[in-house]
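Hi,

Here is the model I promised to pass on. Have a look at it first, and my notes on the interfaces follow below.

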Amino acid sequence: MTDSDVKLIYQRPAGFEDCTTHYCPGCTHGVAHRLVAEVLEEMGELHNTIGVAPVGCAVFAYNYFKFDFVEAAHGRAPAMATGIKRTLPTKTVFTYQGDGDLASIGMGEIVAAAARGELITTIFINNTNYGMTGGQMAPTTLPGQVTTSSPKGRDVERQGYPIKVAEMLSTLDGAAYIARRSLHDARSIRQAKKAIRTAFEAQRQGLGFTMVELLSICPTNWGLNVADSRKWLADHMLPFYPVGDFKVNPAINAAGGN
Amino acid sequence: MPARGWVEINEMYCKACETCVTDCPSQVLALDMSRLSPKGYHPAFMLHPEQCTGCGICAVVCPDAAITVYRGERPAKKEEKL
Amino acid sequence: MTKELIKGNIAVAETALRVGLVSYFGYPITPQTELLEHLSARMPDLGRAFVQAESELGAINMVYGAACTGHRTMTSSSSPGFSLMLEGISYIAGTELPAVVVNVVRGGPGLGNIAPSQGDYNQMVHGGGHGEYYLLVLAPASVQEAVDLTALAFDLAEKYRTIVAIMMDGSLGQMMEPAELPPFVPLREEVPDWAVKAIPGRPKVVLSSIHIDPPAQERFNLRNELKWQAIRRDEVRFREYYLEDAEYVVVGYGTAGRIALSAVRAAREKGIKVGLLRPITLKPFPVQAVEKLVPQAKAFLVTEANNGMMLDDILGIVKGRKSVEFYGRMGGVLPYPDEILDAINALVKGPLILEGDPRDRWLAILEQKIGIGV
């Protein structure tokens, strides 16, 4: 065998800066970032993209990608993205948001952006808690789930019910592609990447608002090791937040197996 | 049967989360408990390189994009340190 | 160029268009909604961006995003909506971006009413959003002046990479006066180097208001302070009326200043040597213009449609050297010229008081006048 038979199968995406991230070991923020960078590279969009960073664990996301970024106020990323996309409509614009940013303080902004059919893509990281601030209850925290602000477990009588964001936004006519995927194992991650690609393609085709909700782990605040966290996600989050495509504009040719 | 692939794990990025170790279908990888990376982690490495098929699952799951995956015959190892 | 009879809100909107507004994001709120409605029709016709946002929170953050691109952008609101925008304003200032915001002030606090007021002076001139930032605040007193200051606002915003706020009030937004609008200028293609552009080959640009390292934040703040030293030196604007020989100086801005001018003229007809200083930039405040009058003036009369906000700034400049009195109306009520004339006459009659808080003397008069209503 010669060296010419060697094939490069996988390498660090070109859209990643040469630096380590501040995310906890095993945190799937890293996976989500990687998938976004891979998709944009494969689409040839790396030099045509502007990202909008949230407030949350991913607040420094702009340090990790090799393209232009702006930092939004908490929850306001979809509005900021709207301002950018409406001014520079040929650019690819995306927001990257967590549970609090998108589903709590930012709920007004995300619903309105989706309803308006803004040509932006939102990557929504759902790990059922507020990570950056130490693990408080989030709109996505499951009934009975223990967090630092639901220390006896989420009591739906007093603390209300979680919100299924993908399902909710899929009711809006302005939404072109709303999907939920998971990042807890290799197969799910591969499917997540396809969904992210579909979302960015739909933006490029001007079909409407697109979002991929990514079920993610938070070992540090869940108090579990990485392996147990992935199991917890599979056992508890998947039944409540099913993976699937909740809104697919007929013009989208979503590849089979999504 | 020679290994069908191999991986390189960048110690500057590896955080020893063990996701690759757990997910490798051929049980190739482990944390190197004999040393620490400059970041203070026990970096992942190929404990059983002969079993690597170059499937790429480790790189797919790596949250830190620390892994490069090759298929084919690995070039002869050069001495890295004296 | 010809003048046309035009409503204040519309004049501001149309002027912004003509001087190259690329995007507008706003939310309806009385008494400025016509500005938004006018642009909702005009902007799409001209191929520019218009979004009626979900709220003022959405609007200011859309402005934030658009400002990052370096293109001219603007929003408008009224008092409660402006309060919602303060977070975004602090962020825009913390990112050192140019933007224009218009506040058509109404009666408050709280939901208040939709009548004209100047009750947002403190909020706009002395901050209101968090952190060390300043708004460059322009206060027109006529529709023509609103037109001229709107055009100026965009230029100043870009010159200094700062937010320029136009402080109007409900009456100025609603009234119709003859005004000459500027001619259309072509939209600019070029944007500054600091803007996000996503163009191949250009180094990556990140625009953020985060300075997680406190010394870095301090240096950013210091740069801002030094910039404002230049603004204070170079961008003060005001008008003087009958001040050359004035013994009594009325200070008023915006609509209150305009009303005071009627009172000053009436007083002059009676032989009283009174003049008016009308600040046009509320920030930077015309400190020197006031200071210059202290030796000649026997007394100052500050008049505002609020509870004495610019009053504190005047007191701070005069520093007890001469008497300062106050006459104001609040909550959406504007003072009438004859009320201000009464206050001028009271100054002339005397005695002139240097001690105590002028508010106390004013409150006694106001309570007598209107009662507390329970």
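A salt bridge here is a side-chain nitrogen of Lys or Arg within 4 Å of a carboxyl oxygen of Asp or Glu. With that rule, the interface of chain C and chain A has 3 salt bridges. One pairs E54(C) with R116(A), at 2.8 Å from N to O.

Before the rest, some housekeeping. This is a predicted model, so local features need pLDDT of at least 70 and side-chain atom pairs count only at pLDDT 80 or more, while totals for chains, interfaces and linings use all residues. Residues are numbered from 1 along each chain as its sequence is written, chains are lettered from A and ligands numbered from 1 in the order in which they are written, and side-chain values use heavy atoms, with hydrogens and water left out.

**Who touches whom**

Taking contact as heavy atoms within 4.5 Å, 2 pairs of chains touch, and chains A and C have the most contacts. Chain B and chain C do not touch, and their nearest C-alpha atoms are 21 Å apart.

**Chains C and A**

Here 36 residues of chain C meet 33 residues of chain A. The two chains bury about 2500 Å² between them, 64% of it on carbon and sulfur atoms; buried area is the accessible area (1.4 Å probe) that two parts lose on being put together, summed over both.

Helix 3 of chain C gives the largest share of chain C's side, 8 residues. Helices (H or I, at least four residues) and strands (E, at least two) are DSSP runs, numbered from the N terminus.

There is strand pairing too, which takes at least two DSSP bridges between the strands. Strand 3 of chain A (residues 68–71) runs parallel to strand 9 of chain C over 2 bridges, with F69(A) partnered by V206(C).

**Chains A and B**

This interface has 32 residues of chain A against 27 of chain B. About 2300 Å² is buried between them, 59% of it on carbon and sulfur atoms. I9(A), Y10(A) and R12(A) supply 22% of what chain A buries against chain B, more than any other three residues. The rule finds 1 salt bridge, joining D23(B) to R230(A) with the closest N and O atoms 2.6 Å apart. Polar contacts come to 12 residue pairs.

Strand 1 of chain A gives the largest share of chain A's side, 4 residues. That strand pairs antiparallel with strand 4 of chain B (residues 67–71) over 3 bridges, and Y10(A) stands opposite V69(B). Strand 4 of chain B is also joined to strand 1 of chain B by 5 bridges, again antiparallel, with W6(B) partnered by Y70(B). The result is an open sheet of 3 strands in the order 1(A)-4(B)-1(B), with strand 1 of chain A and strand 1 of chain B at the edges.

Cheers

Key
Polar contact = N/O pair within 3.5 Å; in protein donor to acceptor, adjacent residues only side chain to side chain.
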